[in-house]
Every structure is written in structure tokens, then in C-alpha cells.
Amino acid sequence: MSEIEPAPDQEPLRIPFMQRVLDNHFLLLFLGVVVPTVLYIIWGILELVQIPVAP
Amino acid sequence: MSKTVYRTCPTTGLRIDLSAQALIKANAVAAVVFLAIGGLFGLSVALTRWPAVHLLPADWFYLALTAHGLDVLLLWIIFFEIAVLYFASAILLNSRIAAPRWAWAAFALMLGGGLVTNVAVLQGQSSVMFTSYPPLMAAQHFYLGLILFAVGALIGCFVFFGTLVIARDEKTYQGSIPLVTFGALTAAIIAVFTLASGAIILIPTWLWSIGLVSNIDPLMYKLVWWAMGHSSQQINVSAHVAIWYAIAAMLFGAKPLSEKISRTAFLLYILFLQLASAHHLLVEPGLSSEWKVFNTSYAMYLAVLGSMIHGLSVPGAMEAAQRARGFNNGVFQWLRKAPWGNPAFSGMFLSLVMFGFLGGISGVVMGTEQINIMMHNTLYVPGHFHGTVVAGTTLAFMAMSYLLIPLVFQREVAFPSLAKWQPYLFGLGVAGLSLFMMGAGTLGVARRHWDITFTSAPFDFNYPPTAYLLMGLNGMAAIAAALGGLMFIVIVVKSVFFGKPVRDRITLAAPSGQPISAAVASYGSAGTLRIPGTLVLVGVFFTAFVLYYFVNWKYLSEVWPMR
């Protein structure tokens with residue numbers, strides 16, 4: 001939801017974009033899982049699987 | 001669906017779902033029990049590493065070290081964090097808790113898992129340390145217990161998310177969730193990544209222990225395990241920062257200097273804090289410098305920026321609130337007039353200072369690839385994390401307990417004179433532990449070796465005499481910390497099980513003239529930046545930070561001279 005219910009004599013109050021992002025808890029959950037998964041785990045695993053197996 | 005039963009807290013004015021209250025009590029009590037067990041093992045470890053005492057034989061030492069890590073780094077902390085999640089969602093949002101039966105199932109899984117793993121360790125076949133690196137193999141039920149615990153904690157996190165959804169749908173709050181709940185949300189998000197990583201690596205390791213998987217690659221294990229092992233400590237950071245804001249709000253009516261800035265700082269945690277796990281792999285040859293430097297430096301510094309913002313914002317919020325109450329003389333009257341005899345405040349403030357100066361600065365030093373090499377896998381590492389997890393998180397959780405006892409358990413805090421001194425004794429002991437271990441680590445003392453004299457070793461090796469002095473001081477500091485911990489356990493047990501009931505409104509510390517719920521459970525900034533005292537404190541912190549950081553580069557140049 002991007003607007004707060006206004007008082008009868010007021011214009012609708014726009015909620016800033018960043019506040020809407022921070023209010024979207026499941027978007028934050030998604031970002032908080034994907035960012036470290038990509039940068040730490042997947043990138044790390046890609047480097048490890050490229051190590052040649054000892055003969 | 002059974003009807004939700006509420007009570008209204010006479011002190012805070014918050015509406016409390018009794019199911020949530022019971023769950024908070026259960027998780028907090030379990031947390032304290034595991035703190036007592038883990039603390040006892042910790043004392044025995046420190047007394048063994050004190051060369052003049054050398055308490056335990058080698059096999060018992062490694063058993064005690066495994067149990068200590070397991071009970072305090074995982075069980076105490078995560079049980080308490082689940083209690084914090086339920087408090088920050090159901091209670092601060094005036095909501096009913098989502099799926100209380102699932103929450104009880106989560107508690108049962110966590111408790112069962114914790115007990116099973118403890119039994120496995122005490123049976124003596126699982127002295128593999130908290131890290132349990134393959135090819136060291138523990139008993140099957142060691143891994144199984146950890147998996148059950150992780151699954152239970154994961155369910156607890158989703159109960160928290162469900163409660164946020166219910167509170168929004170039932171409009172129990174207006175606009176954005178309060179900052180304390182946002183901090184708890186940050187902890188819950190990091191917990192999902194942490195616990196999922198733990199399950200991903202521990203399930204194949206468990207199958208390996210029962211013979212269904214032939215091999216676990218040690219480096220792959222280390223990579224994924226540390227996504228749990230280190231990130232679990234980042235849950236702590238988020239949770240204890242949320243607790244700092246909560247205590248500041250409840251004791252002073254303090255509001256954050258800027259909601260936007262504090263929430264952005266938490267966002268930096270959500271995106272980058274877990275990446276610090278990579279500093280455990282800084283000397284592994286199989287990973288590139290790009291991966292190491294990006295994860296531990298470039299990205300992690302953004303999370304460090306988040307911590308520094310909180311380090312300014314929390315004392316700044318308290319200063320602004322105190323000045324609004326008239327404590328305007330000089331730079332530090334607001335701090336002098338703070339309730340230093342209230343263990344909730346003293347514990348929180350000591351946690352804030354020690355987390356920054358001991359755990360924070362040393363964490364940045366260890367996260368720098370070049371200077372990490374001087375202290376990697378030495379006793380410096382436990383010195384660092386006793387500065388973060390014990391001085392920072394545990395002390396903050398103890399401080400919060402002094403508020404939960406009257407507000408959630410509805411009991412008076414027993415032995416108030418003892419409680420007044422408890423955070424100081426515990427804090428002093430833990431500061432000593434952290435500093436002396438870091439000092440010994442700088443002299444090269446190994447992180448986990450049972451005997452620094454290397455008795456019966458085929459080759460002679462002697463650490464400098466200062467290392468022996470530091471290990472003795474470390475043992476004395478451990479005794480002080482253990483006494484402080486024992487005081488906390490005695491106070492909590494007496495208060496919770498035999499304490500005098502609280503029925504009326506109580507005065508927490510420094511009433512600001514507005515309901516406590518208005519400060520802790522609503523959105524809003526302090527609206528001032530007139531915080532000269534906090535700016536002086538921050539200046540001292542930065543000076544210490546810069547000096548210590550560059551002193552370590554100087555040490556590095558002496559370790560490895562270029563001629």
C-alpha cells in the first residue's frame with residue numbers, strides 16, 4: 001500500500017519509496033537470503049568446484 | 001481456532017496475548033538453563049587454559065569446549081532470540097501470536113534437539129568442537145540434535161513472520177512497524193539464512209555419520225557451515241541492537257534520532273552482515289582473493305557502517321531524551337544522571353560500549369585479509385567473539401531480562417542489591433576475558449590447544465612469558481565473569497519461580513511523562529541532533545579504531561619485513 005488514509009480534509013499522504021521497501025517484510029526476507037546465498041555460498045562453491053582433483 | 005486471551009500490562013499499557021506470554025517465558029527459561037550449563041563448561045575451559053591450574057585432562061577439555069560452544073553460542077542465544085522475536089511481534093504490535101501450536105512444536109523441537117546434542121557430547125564420542133569439521137566425526141545423534149534444533153528455530157522464525165502478517169491484516173498498528181520490531185525482523189531474516197545453511201550442511205553430514213554418504217568435502221563443509229556458524233552470531237548483533245533501542249525507549253522514552261537512518265542501518269545488516277562468515281576462510285588456498293576481499297572487506301564494511309550508525313543513534317537517542325527532561329548542563333550531565341543502579345540500563349550501556357570497543361574494532365581487524373594472517377586461528381579469535389557475543393549480546397540479553405521479569409513474568413526482581421552489581425561484575429570479567437585472550441592471541445597462543453606448555457611434545461616450543469601471564473589473567477577474568485553469570489542465574493531463578501508477584505504499575509527508571517508503549521511500540525524520530533556528549537564519545541571511538549587498525553598494519557610490517 002503506497003498511501004495512508006488521510007483525514008477527511010487532507011490530501012492523501014504519499015509514502016516514500018524507500019519506506020515502502022522497508023515496510024515490505026517479505027521482500028526484505030527475499031533480499032536477505034538471496035544476497036548472501038549468491039555472494040558467499042554460490043560464488044564460493046563455484047570456486048571450490050573448479051579446484052582440480054588430485055591425481 | 002481458540003479465542004485469544006489478553007491482559008493489559010499496567011506499566012507499559014501494551015496488550016499481551018497470554019499464549020505469546022507463555023511462549024516467551026518458556027523460551028527465556030530454556031535459554032537461561034543452557035546459559036548456566038554452558039557457562040559452567042566455559043569456566044572449566046578457562047581454568048584448564050590457565051597454566052598454573054590446568055584443571056581438566058585433555059579428553060575432558062575438548063568435551064567441555066564442545067559443550068561450551070554448543071550451549072552458549074547456539075542454545076542460550078537462539079532460545080532467547082526466539083523469545084525476543086515473539087516479544088517484538090505479538091507484544092509490541094498488540095497482536096495475537098500466529099499459530100501458537102506450531103510455536104510450541106518449535107519449542108519442543110529446539111529443546112529436544114538441544115538435549116540430544118548435549119547428551120551426545122557428554123557421552124564422550126562427539127568432542128568435535130562447535131565447528132565439527134570433517135573428517136572429525138561425531139556420534140549420529142550429535143548432528144541429528146542440531147538439525148532438530150535448527151528446524152525448530154526456523155519454525156519459530158516463521159511464527160514471527162506470521163505474527164507480522166496477522167498484525168498488519170488486523171490493523172493492530174498504524175503505518176510502519178516500530179523500530180524495535182524492525183530490528184527483530186532483521187534478526188529473523190538473518191536467522192532464516194543461517195538456519196537453512198545449517199540444515200543444508202548438517203543433513204549430509206548426519207547421513208555421512210550413519211554411513212549413507214561416503215565423503216564430506218572438508219572445504220565445502222567449512223564454506224557452508226560458516227554460513228551458519230558465523231551468521232548465527234549476526235542474528236545476535238541484530239537482536240541485541242534491537243534490545244538497545246527497546247531498553248532506551250522503555251527507560252528514557254527515547255526515540256531514535258532518525259527512523260530512516262536507523263532502518264537503513266538495519267537494511268545494511270540484512271544485505272551484508274552474513275558475508276562476514278568469509279573471514280573464517282581467509283587462509284584457505286582454494287578460494288580466490290576476490291571472493292575473500294569482497295565478502296570480508298568491501299561488503300562487510302557496509303554492515304560495519306550499519307553498526308556505527310547504531311553506535312551513534314542509541315546513545316544519541318538517550319542523550320536527546322535526557323536533555324528533553326532537563327539534563328542539559330555540560331556535555332555529560334545526561335549520562336551522569338542516567339540510572340546506573342538499574343541493571344537494565346547499566347547492562348545495556350556496558351554492552352553498547354564493549355561491543356563497539358572490543359568486539360567491533362577487533363572484528364574489522366580480523367576481517368582484513370592482510371592483518372588477519374597475524375592472528376588467524378589464534379586465541380585472538382575467541383577474544384574477539386567474547387567481545388561481541390558475551391560482552392555485547394549476552395550482557396544485552398541479561399539487561400533485557402531485568403525488564404522481562406516484571407513485565408512478562410510479572411514478578412519483582414529478587415535480590416535487587418545483587419542485581420545492581422551483577423552487570424558490572426559480569427561486564428568486568430568478560431572485558432578481561434576478551435582483552436587477555438586477544439593479547440595472548442597476538443603473541444601466537446593457539447586457539448584451542450589444551451596445553452600451551454606442550455608437555456610431552458616431540459619438539460620444544462615456548463611462548464613468551466607474557467603469554468603465560470595473560471592466560472593466568474584470563475583465568476581470573478573467567479572467574480569474575482562466572483560469578484557475574486551465577487549471580488544472574490540466581491536472581492532469575494529466584495525471581496521467576498519464587499518472586500513476589502507484580503500486580504500494579506511499576507516505575508522502570510526515568511519516566512518521561514508519556515506511556516512506555518508510545519516510545520517502544522510506535523514509529524517516530526527524536527527530531528533533534530543536539531547530542532554533543534554522544535559526538536564526543538563517538539570521537540573517542542573513532543580515534544581508538546583508527547589507532548588500533550593502523551597499529552596492526554605496523555605489526556604486520558614487522559612480522560614480514562621487505563628488504
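Contact here means heavy atoms within 4.5 Å. By that rule, 36 residues of chain B are in contact with 24 residues of chain A. The model is a predicted one, in which local features need pLDDT of at least 70, side-chain atom pairs count only at pLDDT 80 or more, and totals for chains, interfaces and linings use all residues. Residues are numbered from 1 along each chain as its sequence is written, chains are lettered from A in the order in which they are written, and side-chain values use heavy atoms, with hydrogens and water left out.

**The interface**

The size of an interface is often given as the accessible area lost when the parts come together. Buried area is the accessible area (1.4 Å probe) that two parts lose on being put together, summed over both. Between chain B and chain A it is about 2,700 Å², and carbon and sulfur atoms give 78% of this area. There are 8 residue pairs in polar contact between the two chains, both residues being at pLDDT 80 or more. A polar contact is a pair of N or O atoms within 3.5 Å; within protein, one must be able to donate a hydrogen and the other to accept it, and residues adjacent in sequence count only if both atoms are side-chain atoms. On the side of chain B that touches chain A, helices H4 (140-169), H5 (179-209), H6 (218-229), H8 (259-272) and H9 (289-324) of chain B each supply at least two residues. Helices (H or I, at least four residues) and strands (E, at least two) are DSSP runs, numbered from the N terminus.

Chain A has 2 helices and 2 strands, in the sequence pattern β-β-α-α.

Of the 24 residues of H11(B), 20 are buried. Buried means under 20% relative accessible area, exposed over 50%, and partly exposed in between (1.4 Å probe, protein chains only). The N-terminal end of H11(B) is capped by Asn342(B), with a side-chain oxygen 2.8 Å from the backbone nitrogen of Ala344(B).

Thr394(B) is placed in helix H13 of chain B and is buried at 4% relative accessible area. Its side chain makes a polar contact of 3.1 Å with that of Trp76(B). Thr393(B), in H13 (residues 380-407) of chain B, is buried at 1%. Leu407(B) also lies in H13 of chain B, and its C-alpha is 9.0 Å from that of Ile506(B), 99 residues apart in sequence.

**Salt bridges**

A salt bridge is a side-chain nitrogen of Lys or Arg within 4 Å of a carboxyl oxygen of Asp or Glu. The count over all chains is 6, whereas between chain B and chain A it is 0.

| Pair | N to O distance |
|---|---|
| Glu170(B) and Arg96(B) | 2.9 Å |
| Arg263(B) and Glu259(B) | 2.8 Å |
| Lys554(B) and Glu558(B) | 2.5 Å |

Glu170(B) lies in the loop between H4 and H5 of chain B and Arg96(B) in the loop between H2 (58-91) and H3 (100-122) of chain B, so the pair ties together parts that are 74 residues apart in sequence. Arg263(B) and Glu259(B) are 4 residues apart in helix H8 of chain B, about one helical turn. Arg263(B) is buried at 3% relative accessibility, and Glu259(B) is buried at 1%.
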